[in-house]
Amino acid sequence: MAAIIVNGCSIATDPDGFLKDLKDWSPAVAEELAAEAGIKLSDSHWQLIQLVQRYYQQFGLSPAMRPLIKYAKLALGDDKGNSLYFLKHFPGSPAKLLSKIAGLPRPDNCL
Amino acid sequence: MSLSFALLVSGQPCTDQSSLTALRFCQAALDSGHQIYRVFFFNDGVHCANRFTTPPQDEIAVPKQWTNLQKTFDLDLVVCISSALRRGIVDKKEAARYELDGHNLADGFTIGGLGQWVDACQNADRVIRFGGNAQ
Amino acid sequence: MTFLYLFTRAPYGHSIAREALDMALASAAFDQHVSLVFAQDAIYQLLNTQDNGNTEKKPHIGVINALPLYEIENIYYLSDDCTSRNISATNLAPHAKALSATELADLMRSADRIQSF
(Lines give C-alpha, C1' and ligand atoms only; values in the text may rest on other atoms or scores of the structure.)
Protein backbone atom coordinates (compact mmCIF):
# COMPACT_ATOMS: atom_id res chain seq x y z
CA MET A 1 0.00 0.00 0.00
CA ALA A 2 1.19 3.50 -0.87
CA ALA A 3 2.05 5.87 1.95
CA ILE A 4 3.80 9.13 2.75
CA ILE A 5 5.98 9.71 5.81
CA VAL A 6 5.23 12.83 7.89
CA ASN A 7 7.15 13.49 11.12
CA GLY A 8 8.10 9.85 11.26
CA CYS A 9 4.48 8.60 10.90
CA SER A 10 3.32 6.63 7.90
CA ILE A 11 0.10 7.97 6.34
CA ALA A 12 -1.79 5.81 3.86
CA THR A 13 -2.60 7.10 0.39
CA ASP A 14 -4.23 5.51 -2.63
CA PRO A 15 -2.10 4.69 -5.71
CA ASP A 16 -2.66 8.25 -7.03
CA GLY A 17 -1.53 9.85 -3.78
CA PHE A 18 -4.94 10.86 -2.35
CA LEU A 19 -5.26 10.38 1.42
CA LYS A 20 -7.08 7.18 2.34
CA ASP A 21 -8.46 8.76 5.48
CA LEU A 22 -9.25 12.47 5.20
CA LYS A 23 -8.91 12.84 8.98
CA ASP A 24 -5.14 12.35 8.53
CA TRP A 25 -4.87 15.78 6.93
CA SER A 26 -2.74 18.43 8.63
CA PRO A 27 -0.62 21.30 7.28
CA ALA A 28 2.46 19.07 7.59
CA VAL A 29 0.70 16.38 5.55
CA ALA A 30 -0.15 19.01 2.93
CA GLU A 31 3.53 20.01 2.71
CA GLU A 32 4.46 16.38 2.08
CA LEU A 33 1.65 15.76 -0.45
CA ALA A 34 2.81 18.89 -2.29
CA ALA A 35 6.44 17.76 -2.15
CA GLU A 36 5.40 14.48 -3.80
CA ALA A 37 4.11 16.61 -6.69
CA GLY A 38 7.34 18.64 -6.72
CA ILE A 39 5.77 21.73 -5.16
CA LYS A 40 7.18 23.77 -2.27
CA LEU A 41 4.25 25.51 -0.59
CA SER A 42 4.50 29.30 -0.28
CA ASP A 43 1.99 31.73 1.20
CA SER A 44 0.26 32.09 -2.15
CA HIS A 45 -0.07 28.29 -2.41
CA TRP A 46 -1.61 28.24 1.05
CA GLN A 47 -4.08 30.92 0.08
CA LEU A 48 -5.39 28.65 -2.69
CA ILE A 49 -5.42 25.60 -0.40
CA GLN A 50 -7.54 27.50 2.10
CA LEU A 51 -9.76 28.65 -0.74
CA VAL A 52 -10.60 25.10 -1.88
CA GLN A 53 -11.15 24.05 1.73
CA ARG A 54 -13.68 26.88 2.09
CA TYR A 55 -15.23 25.82 -1.22
CA TYR A 56 -15.64 22.30 0.11
CA GLN A 57 -17.11 23.46 3.43
CA GLN A 58 -19.56 25.69 1.65
CA PHE A 59 -20.76 23.38 -1.13
CA GLY A 60 -19.78 19.84 -0.11
CA LEU A 61 -18.11 19.36 -3.50
CA SER A 62 -14.53 18.78 -4.56
CA PRO A 63 -14.14 21.61 -7.04
CA ALA A 64 -14.05 21.30 -10.81
CA MET A 65 -11.78 23.78 -12.54
CA ARG A 66 -14.27 26.23 -13.95
CA PRO A 67 -16.43 26.81 -10.86
CA LEU A 68 -13.26 27.01 -8.79
CA ILE A 69 -11.87 29.81 -10.97
CA LYS A 70 -15.15 31.68 -10.71
CA TYR A 71 -15.11 31.24 -6.93
CA ALA A 72 -11.50 32.49 -6.79
CA LYS A 73 -12.43 35.50 -8.90
CA LEU A 74 -15.14 36.44 -6.40
CA ALA A 75 -12.99 35.78 -3.33
CA LEU A 76 -9.51 36.90 -4.44
CA GLY A 77 -10.13 39.13 -7.45
CA ASP A 78 -9.23 38.88 -11.14
CA ASP A 79 -5.45 38.75 -10.57
CA LYS A 80 -5.74 35.38 -8.87
CA GLY A 81 -9.09 34.17 -10.22
CA ASN A 82 -7.75 32.87 -13.51
CA SER A 83 -6.51 29.51 -14.69
CA LEU A 84 -2.97 30.73 -15.45
CA TYR A 85 -2.47 31.72 -11.82
CA PHE A 86 -3.72 28.31 -10.69
CA LEU A 87 -1.58 26.47 -13.25
CA LYS A 88 1.49 28.41 -12.17
CA HIS A 89 1.01 27.24 -8.57
CA PHE A 90 -0.39 23.77 -9.19
CA PRO A 91 0.72 22.62 -12.67
CA GLY A 92 -1.16 20.01 -14.67
CA SER A 93 -4.67 19.65 -13.25
CA PRO A 94 -4.86 22.39 -10.61
CA ALA A 95 -8.34 21.47 -9.26
CA LYS A 96 -7.45 17.82 -8.82
CA LEU A 97 -4.02 18.52 -7.37
CA LEU A 98 -5.41 21.12 -4.97
CA SER A 99 -8.11 18.70 -3.81
CA LYS A 100 -5.42 16.16 -3.08
CA ILE A 101 -3.11 18.54 -1.19
CA ALA A 102 -5.97 20.24 0.69
CA GLY A 103 -7.30 16.89 1.94
CA LEU A 104 -10.60 16.98 0.06
CA PRO A 105 -12.34 13.80 -1.11
CA ARG A 106 -11.11 12.45 -4.39
CA PRO A 107 -13.47 13.76 -7.11
CA ASP A 108 -15.75 10.81 -7.88
CA ASN A 109 -15.97 11.56 -11.58
CA CYS A 110 -12.28 11.57 -12.36
CA LEU A 111 -11.27 8.75 -14.67
CA MET B 1 -36.35 7.72 -41.98
CA SER B 2 -33.53 6.34 -39.87
CA LEU B 3 -32.96 7.89 -36.45
CA SER B 4 -30.20 7.66 -33.85
CA PHE B 5 -31.17 7.12 -30.25
CA ALA B 6 -29.46 7.86 -26.94
CA LEU B 7 -30.84 5.77 -24.09
CA LEU B 8 -30.52 6.41 -20.38
CA VAL B 9 -31.09 3.32 -18.25
CA SER B 10 -31.63 4.14 -14.57
CA GLY B 11 -33.64 1.20 -13.22
CA GLN B 12 -32.27 -1.67 -11.13
CA PRO B 13 -32.51 -4.76 -13.38
CA CYS B 14 -33.88 -7.15 -10.74
CA THR B 15 -36.33 -4.73 -9.20
CA ASP B 16 -37.44 -2.78 -12.20
CA GLN B 17 -38.68 -3.91 -15.60
CA SER B 18 -37.21 -0.84 -17.28
CA SER B 19 -33.76 -2.18 -18.13
CA LEU B 20 -35.23 -5.16 -19.95
CA THR B 21 -37.62 -2.83 -21.76
CA ALA B 22 -34.61 -0.76 -22.81
CA LEU B 23 -32.92 -3.89 -24.11
CA ARG B 24 -35.98 -4.86 -26.15
CA PHE B 25 -36.23 -1.29 -27.45
CA CYS B 26 -32.60 -1.43 -28.61
CA GLN B 27 -33.16 -4.70 -30.38
CA ALA B 28 -36.35 -3.47 -32.08
CA ALA B 29 -34.81 -0.13 -33.11
CA LEU B 30 -31.74 -1.82 -34.60
CA ASP B 31 -33.85 -4.45 -36.35
CA SER B 32 -35.85 -1.62 -37.95
CA GLY B 33 -32.72 0.05 -39.31
CA HIS B 34 -32.25 2.75 -36.67
CA GLN B 35 -29.02 3.43 -34.79
CA ILE B 36 -28.27 3.40 -31.10
CA TYR B 37 -25.80 6.24 -30.53
CA ARG B 38 -25.06 5.19 -26.96
CA VAL B 39 -26.69 3.51 -23.96
CA PHE B 40 -25.75 5.22 -20.71
CA PHE B 41 -26.30 3.39 -17.42
CA PHE B 42 -26.98 5.76 -14.55
CA ASN B 43 -28.08 5.61 -10.89
CA ASP B 44 -29.42 2.08 -10.14
CA GLY B 45 -29.15 1.23 -13.84
CA VAL B 46 -25.43 0.53 -13.36
CA HIS B 47 -26.37 -2.85 -11.84
CA CYS B 48 -27.10 -3.95 -15.44
CA ALA B 49 -23.32 -4.16 -15.85
CA ASN B 50 -22.65 -6.51 -12.93
CA ARG B 51 -21.34 -9.75 -14.42
CA PHE B 52 -21.74 -11.48 -11.05
CA THR B 53 -25.53 -11.30 -11.45
CA THR B 54 -26.69 -14.87 -10.93
CA PRO B 55 -30.44 -15.42 -11.17
CA PRO B 56 -31.95 -18.95 -11.07
CA GLN B 57 -31.32 -20.79 -14.34
CA ASP B 58 -34.85 -20.33 -15.61
CA GLU B 59 -34.69 -16.52 -15.24
CA ILE B 60 -33.06 -13.90 -17.41
CA ALA B 61 -29.64 -12.49 -16.50
CA VAL B 62 -29.92 -8.92 -17.78
CA PRO B 63 -26.15 -8.22 -17.94
CA LYS B 64 -25.57 -11.23 -20.15
CA GLN B 65 -28.29 -10.06 -22.53
CA TRP B 66 -26.67 -6.64 -22.85
CA THR B 67 -23.29 -8.27 -23.44
CA ASN B 68 -24.76 -10.39 -26.24
CA LEU B 69 -26.54 -7.45 -27.85
CA GLN B 70 -23.35 -5.40 -27.64
CA LYS B 71 -21.41 -8.13 -29.43
CA THR B 72 -23.99 -8.46 -32.19
CA PHE B 73 -24.37 -4.75 -32.93
CA ASP B 74 -21.13 -3.27 -31.55
CA LEU B 75 -23.12 -1.03 -29.19
CA ASP B 76 -21.54 1.69 -27.08
CA LEU B 77 -22.60 0.76 -23.53
CA VAL B 78 -21.27 3.27 -21.00
CA VAL B 79 -21.61 2.97 -17.24
CA CYS B 80 -21.60 6.22 -15.26
CA ILE B 81 -18.48 6.15 -13.10
CA SER B 82 -19.85 8.03 -10.11
CA SER B 83 -23.06 5.95 -10.01
CA ALA B 84 -21.00 2.78 -10.47
CA LEU B 85 -18.37 3.38 -7.78
CA ARG B 86 -21.07 4.14 -5.21
CA ARG B 87 -22.72 0.81 -6.04
CA GLY B 88 -19.62 -1.35 -6.28
CA ILE B 89 -19.50 -1.81 -10.04
CA VAL B 90 -15.83 -1.61 -11.11
CA ASP B 91 -13.62 -2.64 -13.98
CA LYS B 92 -10.04 -3.82 -13.60
CA LYS B 93 -8.60 -0.32 -13.72
CA GLU B 94 -10.91 1.13 -11.05
CA ALA B 95 -10.39 -1.96 -8.88
CA ALA B 96 -6.66 -1.27 -8.96
CA ARG B 97 -7.14 2.45 -8.28
CA TYR B 98 -9.29 1.78 -5.21
CA GLU B 99 -7.35 -1.34 -4.19
CA LEU B 100 -10.39 -3.61 -4.34
CA ASP B 101 -9.99 -7.38 -4.42
CA GLY B 102 -12.07 -8.01 -7.52
CA HIS B 103 -13.82 -6.46 -10.49
CA ASN B 104 -17.24 -7.19 -11.90
CA LEU B 105 -17.87 -5.06 -15.00
CA ALA B 106 -19.50 -7.31 -17.60
CA ASP B 107 -17.98 -7.71 -21.08
CA GLY B 108 -19.05 -5.13 -23.60
CA PHE B 109 -19.49 -2.28 -21.09
CA THR B 110 -17.09 0.59 -20.48
CA ILE B 111 -16.91 2.97 -17.54
CA GLY B 112 -17.20 6.65 -18.42
CA GLY B 113 -18.10 10.07 -17.11
CA LEU B 114 -21.32 12.07 -17.35
CA GLY B 115 -19.74 13.98 -20.23
CA GLN B 116 -20.41 10.91 -22.36
CA TRP B 117 -24.11 11.25 -21.66
CA VAL B 118 -24.07 14.98 -22.41
CA ASP B 119 -22.35 14.16 -25.70
CA ALA B 120 -25.01 11.54 -26.49
CA CYS B 121 -27.81 14.02 -25.75
CA GLN B 122 -26.21 16.51 -28.14
CA ASN B 123 -25.60 14.12 -30.99
CA ALA B 124 -28.49 11.64 -31.01
CA ASP B 125 -31.77 12.51 -32.74
CA ARG B 126 -33.84 11.24 -29.82
CA VAL B 127 -33.17 10.84 -26.09
CA ILE B 128 -35.16 8.28 -24.11
CA ARG B 129 -34.96 7.39 -20.45
CA PHE B 130 -35.82 3.92 -19.16
CA GLY B 131 -36.47 3.74 -15.43
CA GLY B 132 -38.95 6.20 -14.07
CA ASN B 133 -39.24 7.90 -10.74
CA ALA B 134 -40.41 5.02 -8.58
CA GLN B 135 -41.84 6.76 -5.54
CA MET C 1 -28.08 23.15 -27.02
CA THR C 2 -30.72 23.93 -24.37
CA PHE C 3 -31.03 21.29 -21.66
CA LEU C 4 -34.02 21.45 -19.34
CA TYR C 5 -33.96 19.34 -16.21
CA LEU C 6 -37.31 18.87 -14.56
CA PHE C 7 -36.82 17.60 -11.02
CA THR C 8 -39.73 16.28 -8.97
CA ARG C 9 -38.13 14.54 -5.98
CA ALA C 10 -37.39 15.72 -2.46
CA PRO C 11 -33.66 16.12 -1.67
CA TYR C 12 -33.25 13.16 0.67
CA GLY C 13 -34.80 9.69 0.54
CA HIS C 14 -33.66 8.63 -2.93
CA SER C 15 -30.25 8.99 -4.55
CA ILE C 16 -31.67 10.18 -7.87
CA ALA C 17 -32.18 13.75 -6.60
CA ARG C 18 -28.47 14.19 -5.99
CA GLU C 19 -27.19 12.16 -8.93
CA ALA C 20 -29.47 13.95 -11.39
CA LEU C 21 -28.21 17.28 -10.06
CA ASP C 22 -24.66 16.05 -10.75
CA MET C 23 -25.77 15.33 -14.31
CA ALA C 24 -27.01 18.91 -14.64
CA LEU C 25 -23.63 20.18 -13.37
CA ALA C 26 -21.88 18.03 -15.97
CA SER C 27 -24.10 19.43 -18.74
CA ALA C 28 -23.14 22.95 -17.72
CA ALA C 29 -19.47 21.98 -17.45
CA PHE C 30 -19.67 20.79 -21.08
CA ASP C 31 -20.91 24.19 -22.22
CA GLN C 32 -24.60 23.45 -22.63
CA HIS C 33 -27.24 25.99 -21.80
CA VAL C 34 -28.93 24.52 -18.72
CA SER C 35 -32.24 25.33 -17.02
CA LEU C 36 -33.43 23.61 -13.86
CA VAL C 37 -37.03 23.39 -12.70
CA PHE C 38 -37.64 22.15 -9.17
CA ALA C 39 -41.28 21.04 -9.39
CA GLN C 40 -43.51 19.22 -6.92
CA ASP C 41 -41.50 17.81 -3.97
CA ALA C 42 -38.25 18.95 -5.60
CA ILE C 43 -39.03 22.43 -4.30
CA TYR C 44 -37.73 21.11 -0.97
CA GLN C 45 -34.30 20.86 -2.59
CA LEU C 46 -34.24 24.66 -2.67
CA LEU C 47 -35.15 25.21 0.97
CA ASN C 48 -32.30 26.96 2.73
CA THR C 49 -33.80 25.92 6.06
CA GLN C 50 -33.34 22.21 5.22
CA ASP C 51 -31.65 20.13 7.93
CA ASN C 52 -29.81 17.03 6.78
CA GLY C 53 -28.66 16.24 10.31
CA ASN C 54 -30.30 12.84 10.60
CA THR C 55 -30.02 11.68 7.00
CA GLU C 56 -26.29 10.89 7.02
CA LYS C 57 -26.17 12.53 3.61
CA LYS C 58 -24.28 15.62 2.58
CA PRO C 59 -26.33 18.82 2.68
CA HIS C 60 -28.13 19.12 -0.65
CA ILE C 61 -28.34 22.89 -0.38
CA GLY C 62 -24.54 23.04 -0.83
CA VAL C 63 -24.81 21.93 -4.45
CA ILE C 64 -27.79 24.24 -4.98
CA ASN C 65 -25.67 27.16 -3.77
CA ALA C 66 -22.84 26.15 -6.12
CA LEU C 67 -25.05 26.30 -9.25
CA PRO C 68 -24.19 29.91 -10.16
CA LEU C 69 -20.49 28.99 -10.13
CA TYR C 70 -21.30 26.47 -12.86
CA GLU C 71 -22.95 29.27 -14.85
CA ILE C 72 -26.38 27.77 -14.19
CA GLU C 73 -28.48 30.88 -13.78
CA ASN C 74 -31.91 29.57 -14.79
CA ILE C 75 -33.18 27.97 -11.61
CA TYR C 76 -36.91 27.83 -11.16
CA TYR C 77 -39.69 26.60 -8.92
CA LEU C 78 -43.43 26.76 -9.46
CA SER C 79 -45.47 29.31 -7.54
CA ASP C 80 -48.28 26.74 -7.24
CA ASP C 81 -45.96 24.31 -5.40
CA CYS C 82 -45.09 27.04 -2.93
CA THR C 83 -48.75 27.61 -2.20
CA SER C 84 -49.75 23.95 -1.98
CA ARG C 85 -46.83 23.10 0.33
CA ASN C 86 -47.14 26.27 2.39
CA ILE C 87 -43.56 27.30 1.61
CA SER C 88 -42.53 30.93 1.81
CA ALA C 89 -40.35 32.02 -1.12
CA THR C 90 -38.08 33.80 1.37
CA ASN C 91 -36.93 30.37 2.59
CA LEU C 92 -35.81 29.29 -0.86
CA ALA C 93 -32.34 29.67 -2.38
CA PRO C 94 -32.16 33.34 -3.39
CA HIS C 95 -31.06 32.63 -6.95
CA ALA C 96 -34.23 30.58 -7.71
CA LYS C 97 -37.09 32.30 -9.52
CA ALA C 98 -40.82 31.58 -9.51
CA LEU C 99 -42.59 30.31 -12.63
CA SER C 100 -46.27 30.03 -13.45
CA ALA C 101 -47.60 26.91 -15.17
CA THR C 102 -47.83 28.85 -18.45
CA GLU C 103 -44.23 30.01 -18.16
CA LEU C 104 -43.17 26.41 -17.53
CA ALA C 105 -44.95 25.35 -20.70
CA ASP C 106 -43.09 28.05 -22.65
CA LEU C 107 -39.77 26.97 -21.13
CA MET C 108 -40.44 23.35 -22.10
CA ARG C 109 -41.34 24.37 -25.65
CA SER C 110 -38.05 26.22 -26.05
CA ALA C 111 -35.83 23.39 -24.75
CA ASP C 112 -33.95 21.01 -27.07
CA ARG C 113 -33.64 18.27 -24.47
CA ILE C 114 -35.95 17.72 -21.52
CA GLN C 115 -35.10 15.18 -18.87
CA SER C 116 -37.15 14.58 -15.78
CA PHE C 117 -35.83 13.04 -12.58
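Predicted model: local features only at pLDDT ≥ 70, side-chain atom pairs only at ≥ 80, totals over all residues.
Three salt bridges are counted between chain A and chain C. Select Glu73(C) and Lys70(A): they form a salt bridge, with the closest N and O atoms 3.8 Å apart.

Now show the chain A side of this contact. Elements giving two or more residues there are α2 (43-59) and α3 (65-76) of chain A. α3(A) gives the most, with five residues. By class, the chain A side divides into seven nonpolar, two polar and two charged residues.

The contact takes 11 residues from chain A and 15 residues from chain C. About 1,000 Å² is buried between these chains, and carbon and sulfur atoms give 56% of that area. Five residue pairs are in polar contact across the interface.

Next, colour the salt bridges over all chains: the structure holds 18. Go to Arg106(A) and Asp16(A), which pair at 2.8 Å, N to O. Arg106(A) lies in the segment after α5 (94-101), and Asp16(A) in the loop between β2 (9-12) and α1 (27-36), 90 residues apart. Arg106(A) is buried at 14% relative accessibility; Asp16(A) is partly exposed at 30%.

Move to chain B. Arg38(B) and Asp76(B) form a salt bridge at 2.7 Å. Strand β2 (residues 35-41) holds Arg38(B), while Asp76(B) sits in the loop between α2 (62-73) and β3 (77-80). Arg38(B) is buried, at 8%. Asp76(B) is partly exposed, at 29%.

Finish in chain C. Arg85(C) bridges to Asp81(C) at 3.3 Å. Here Arg85(C) is partly exposed at 24%, and Asp81(C) is buried at 9%.

Conventions
Residues numbered from 1 in each chain as written. Chains lettered and ligands numbered in written order. Heavy atoms only, no water. Contact = heavy atoms within 4.5 Å. Buried area = accessible area lost by both parts, 1.4 Å probe. Salt bridge = Lys/Arg side-chain N within 4 Å of Asp/Glu carboxyl O. Polar contact = N/O pair within 3.5 Å; in protein donor to acceptor, adjacent residues only side chain to side chain. Helix = DSSP H or I, 4+ residues; strand = E, 2+ residues; numbered from the N terminus. Nonpolar A, V, L, I, M, F, W, Y, C, P; charged D, E, K, R; others polar. Buried < 20%, exposed > 50% of the residue type's maximum accessible area, 1.4 Å probe, protein only.
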